[in-house]
Amino acid sequence: MSYLLTEDQQLIQKNARDFAKQYLEPMAVQLDKTGEFPAEVVKKLASHDFLGWFLPAEFGGAEVGYVSYALGVEELSRASAAVASIVVNHSSAAYAINRWGTAEQKKKYLPALAKGEKLGAVAMSEPGPSVGQGPEAVIATQQDGGYVLNGCKCYVANAGVADLYVVFGCTDPAAGAKSLTAFLVSAKAAGLEVGAKKSTMGLRARPTADVVFRNVAAEVLGTVNAGTPIAAELLAALAVAEAAQTVGVVGFAVEHAAKYAQQRVQFGRPISAFQAIQTILAEVSTNCYVARLAVYDAAALIEQGKPFTTEAAMVKLFAQRLGINSLVETLQIEGGYGYSEEMFMAKLFRDVSGTTILESPLEFPEQVIAASIA
Amino acid sequence: MILTPEQQEIQRLAREFAEKHIIPVAAEYDRTGEFPEFIIEAAKKADLLAMGIPKQFGGRALDAVTQGVILEELGYGCAGFATILGVNGLGYYAPLLAGTEEQKKFYFAPIVAGGLSAFALTEPAAGSDVSAGKSTAKKIGDEYILNGSKCFITSGAYAKMFTIFALTDPSKGLKGLSGFIVKGGSPGLVVTKHENKLGIRGSNTVELVMQDLKVPASQLLGKEGDGMRIAMASLDMARPMVGSQSVGIAQRALDECLKYFSKKYPDPRKLGQAAQFKLADMRIQIEAARQTVRHALSVKDAGLPITMDSAIAKTMGSDTAMHVTTEALALLGAYGYSHDCVVEKLVRDAKIQQLYEGTNQVQRLVIAGQLIASIMPKATTAKAGR
Amino acid sequence: MPKILVCYKWVLDEQDIRINPNDLSLDVSRAKGKISDFDRNAIEEAVLLVERLGGTVDALTYGTPAAKQSLKDVLSRGPNKVYWIQDPAAEKADAHVIATVLAGAIRRIGSYDLIICGEGSSDSYNQQMASRLAATLDLPAVTFTSQITSDNGTLKFTRKLDDCTEVATVSGPAVVSVLGEINHPRIPGLKQVLGASKKPSEEIKLADLGLSPQELTPRAIRKSVKGFVMSRKNVIFKDGDAAHKVAQLVASLAKEGLS
């Protein structure tokens, strides 16, 4: 794919790969075992500008395009999808502020996010049927010239380590999604409580927790009641970055399985000589190749400021199928050894599904795609 | 296929057993990887250890379909636990198929008394390729001395009885493989490693080393050279059981989705059509797999050759479990990915079903082999039968 | 405040090179380029020195047109400016020709306090460049350098030799070659990659160096390059008891030359 990339993008890709090799590879297994938040690595990421990818230079960001960002995410994910996930969720919050924030909000929040001095998170999912519905929905009420939030967000990525949350709440429960509004909330705000860290299948070093809001002060991001289109675009941009993660994990898994197949001898030959294995490798790498092109096409649309939500939804749909289905096959190649937690494949198997979680599993992305076609 | 009232009652009891003994603790054993030793006694009390052992040896002599139904319920509870109890069968099938009356008595007694059995065929260099096995059995006087190593052996650290395969005549390759029944704890039979696995973590999986393991000649199953035939016949019987267990895993995944949606949607009809169709597809696949597995088991009960149906049942069951559990994981989003939900465990438990007791690639070799054999040109002009 | 020049080579990344099992020939069709490994150490050392002592770092390379890909890469690692000479014949150049061209360019560009290069290149590893440059430019050469420190303005070079380490100082300009262990090249951050576009690169035309065709003709000619594959002897000792098999193994090893 390098012929599609500029010189800068190729250099960024190479540097991200070198970074992943040097700093992430040695600790990926340990991070997965302990689930400990890799604070030192986050500092290292910051020093390489990997927490302010596409943010404007005037706020301390690197101002590289979304394609470079996706390339970096893919490379980091090859070594540790958990660490890459911390970056992706943080960057999603930064994207929101950069895209919809006022000049004051950008000046106030972006520099610290760009430098990694503060981390971000986006809180969307709720226990109820959909955002704004159910007794625990996050409702925003006006108070003292501003807003306060009450309710619960669940499974928030980066919860507990984030300093700043982008939170979606409804100003009018009766109006539902039509009153959805994006807010900025400081982690230190009174009444904000982060629940116990969730134990997850994979991506263990990336914290996940519920966040409860009790009269928590919040400032509007964007315009009141304009949260639905904001959420749609934000989730779409996030989907592309997450799909880059999936491609990174799957790409590495294929290479790992191929190497194994060349070394494992059965029936007098390396199993890579058998058509059964060749078929599996061919299918998985083909799907990965196609997914990768789709990711970078969508990333290029974002970089060029073109409409991208349909393409992002397609990328998400494809990546979701690609992820676990590929790992089912690559682990199969490695047989009993692949099933052992002492080999790397089992960890990749557990990580990959975490890269393609749907925020509202039953609505997006098929509906988004269909809406644009019919 | 419709279950008889007796089978339905046994199914209900098995479901109760899973709900009482397995489901409440499965997640914790999965987390720690500790072996649930208590289940051996509980299974003995519920008569689940000797399901296929003939009555004259104290077993329950259940037909294969009924055994499969039980395993489906145990798999529903936890595949790790089901593997412990299911592989028990794989261990004792060998003496059941090829043992003398004394050998059967010798092998079955400790199982019936409340013990596990293990089946030791796989070696580090011999996974799908059994012929690459290196373990040897040298006859000296009236005993065999076994040397070699086996890996990925279920219940190896806890089994009271083992069925072990080794080469009595290495120069003959597979035709020189023999099967032995060995008492657990025999000197020279050493557990060297416990596997840390992605799933079925409650099940014990070990590496075994045989160092001058002395086995009386009376414990040779059949004749020297019968080993491959006995091993394959045992696996033929066990494979539909893997299929059954897999159907249980898949059914659990579907039920967990329904449970989740009943909580999340006060009015479940509000569940979108796309999601409803996904649930319907899961149900279709589970039923198809269930009936395929039960068919293979009923062919077994009819005393007919089962190699083909057994391979189909194992493949269909395990592929279905893998597909249904991953669909469920996608449907349940972040909740499904967390340990608040059992579905991510079901995905991990489903994966091994495609691998052990013959990978699904080996199953396809078996099936394709039979298909190809059916279209081979005949040597004579005799009319081709079906 | 030293004025430093780093000479580097743009080479094929060996991990992309495949060996054809039939004739052991190399398939380089998918090989990307990279800065030769120890040259990366050289660039890093120069940049570290200048970070400590002030001064400037320029970079210089002689290579095929593909070397153009190296310019941004090099600049993103800290040098202020990069010079390059492109020549399709560079691929076949021997160490003598390369040193002649580089020296010619250096004479054109100006004088430096320190000229640094890697101990050897990742592809041919001749280990001749520092010595040849020094001889041609009439400068002292300090090779096998594992550390450079500054002591009251004097640079001290630690040389790692086979059976000892030597510390040397030089008065006046010198050519230095560095070992891989001298430092850990930092990975450029995003801003450094983007910043590279703003730094100058200058192409020096080979014709402007006034070198004769004879000076540019390699005299060491590479006839062929084959891959090295470690083949296993696959000898199995299976007859007899353990003692006999061990005796056979020992005899076999002795025959291979192990004693």
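This dialogue walks through selected features of a predicted model.

Trainee: What should I know about the model and its labels before I start?

Mentor: The model is predicted, and local features need pLDDT of at least 70, side-chain atom pairs count only at pLDDT 80 or more, while totals for chains, interfaces and linings use all residues. Residues are numbered from 1 along each chain as its sequence is written, and chains are lettered from A and ligands numbered from 1 in the order in which they are written.

Trainee: How many helices and strands does chain B have?

Mentor: Helices (H or I, at least four residues) and strands (E, at least two) are DSSP runs, numbered from the N terminus. In chain B they come to 11 helices and 8 strands.

Trainee: What radius of gyration does chain B have, and what would a compact globule have?

Mentor: The radius is taken over C-alpha atoms, and the globule rule is 2.2 Å times the number of residues to the power 0.38. For 386 residues a compact globule would have a radius of gyration near 21 Å, and chain B agrees because its own value is 21 Å. Along the principal axes, the C-alpha atoms of chain B fill a box of roughly 75 × 60 × 40 Å.

Trainee: What share of the residues of chain B count as buried?

Mentor: A residue is buried if 20 or more other C-beta atoms lie within 10 Å of its own, exposed if 12 or fewer, and partly exposed in between, with C-beta atoms placed from the backbone. By that rule, 54% of the 386 residues of chain B count as buried.

Trainee: Which domains does chain B have, and how do domain 1 and domain 3 meet?

Mentor: Domain bounds come from an automatic or database domain assignment, which for chain B gives domain 1 (5–116), domain 2 (118–225) and domain 3 (229–374). The centres of domain 1 and domain 3 of chain B, taken over C-alpha atoms, are separated by 20 Å. Two residues are in contact if their C-beta atoms, placed from the backbone, lie within 7 Å, and this contact takes 23 residues from domain 1 of chain B and 24 residues from domain 3 of chain B. On the domain 1 side, helix 1 (5–32), helix 3 (64–77) and helix 4 (79–98) of chain B each supply at least two residues.

Trainee: How many residues of chain A are in contact with chain B, and what classes do they fall into?

Mentor: Here 32 residues of chain A are in contact with 35 residues of chain B. The largest share of the chain A side, 5 residues, comes from helix 9 of chain A. Ala, Val, Leu, Ile, Met, Phe, Trp, Tyr, Cys and Pro count as nonpolar, Asp, Glu, Lys and Arg as charged, and the others, Gly among them, as polar; the chain A side divides into 15 nonpolar, 12 polar and 5 charged residues.

Trainee: Where are A:D49 and A:D144 found, and is each buried or exposed?

Mentor: Most residues other than glycine have a negative phi. The phi of A:D49, however, is a positive value near 70 degrees, and A:D49 lies in the loop between helix 3 (39–47) and helix 4 (66–79) of chain A. A:D49 counts as buried because it has 26 C-beta neighbours inside 10 Å. A:D144 has a positive phi of about 50 degrees and is found in the loop between strand 2 (139–143) and strand 3 (146–157) of chain A. With 7 C-beta neighbours inside 10 Å, A:D144 counts as exposed.
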